[in-house]
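Student: I'm new to this one and would like a close look at a single part. Could you walk me through it?

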Amino acid sequence: PGVFAPGARHLLILAHHDDEVPFAGLIQRMLAAGGGAEVHVLWTTNSDGLWFEDDIPPETYARLRYAESVEAMAALGVTEADRLTCFGWSEISYYAQLSDMAARPSPSVPRDFLTLADQVDAHVARLQPEIIWTLAWQGGQPEHDITHACAVRAARKLSAGRATTVPVYEIPAYELKV
């Protein structure tokens, strides 16, 4: 109840560009609810991770992926100027940091991941969404899982001291692990 209420403020917290695809129908439904419903999208990475598949520099690949998502979101009625945010963290950097963690006998969370979590917290606090959406925890897709953890943490912080909890709805990208 209330998920698609008129005037609701929705925030999708996604890892990289193309993660919005499983949400396309839901985004249309959110906007169709009317009453000034807001849909905001946050991508945490710049999507450079698979640059080698197209044999172009990572920066060029990231720009192309971003442009594709902006175009897709515009087709759904969500425009870059007022609703889309990209933090631009490098997936290539994520992989290096995760490899470094795996090589240490007592790994700690990399400072960049903690900084990302703080950025997500601040973005959520600024937007004050009523509903947060993210991809489901997979336990094997690092960008999705790091972003999922940040989304859940931010929702918990936003909910602290409130009469009602800010719900986090998860959509499986590959398979749902419960």
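This is a predicted model: local features need pLDDT of at least 70, side-chain atom pairs count only at pLDDT 80 or more; totals for chains, interfaces and linings use all residues.

Which residues is Thr85 in contact with, leaving aside its neighbours within four places in sequence?

Tutor: Thr85 touches Val41, Leu42, Trp43 and His123, once you set aside the neighbours within four places in sequence. Thr85 itself sits in strand 3, which covers residues 84-89. It's partly exposed, with a relative accessible area of 22%. For a sense of distance, take Ala136: it is 51 residues from Thr85 along the chain, and their C-alpha atoms are 20 Å apart.

Now for the strands around here. Strand 3 pairs with strand 2 in the parallel sense, over four bridges, and Thr45 faces Trp89 of strand 3 across that pairing. Strand 2 (residues 38-45) has seven of its eight residues buried, so the rest of the structure largely encloses it. Strand 2 also pairs with strand 1 (residues 9-14), again in the parallel sense, this time over six bridges; there, Leu11 stands opposite His40.

Cys150, for its part, is buried, with a relative accessible area of 5%. Search the whole structure and you'll find zero disulfides.

Technical notes: Residues are numbered from 1 along each chain as its sequence is written. Side-chain values use heavy atoms; hydrogens and water are left out. Helices (H or I, at least four residues) and strands (E, at least two) are DSSP runs, numbered from the N terminus. Buried means under 20% relative accessible area, exposed over 50%, partly exposed in between (1.4 Å probe, protein chains only). Contact means heavy atoms within 4.5 Å. A disulfide is a pair of cysteine sulfur atoms within 2.5 Å. Two strands pair if DSSP finds at least two bridges between them.
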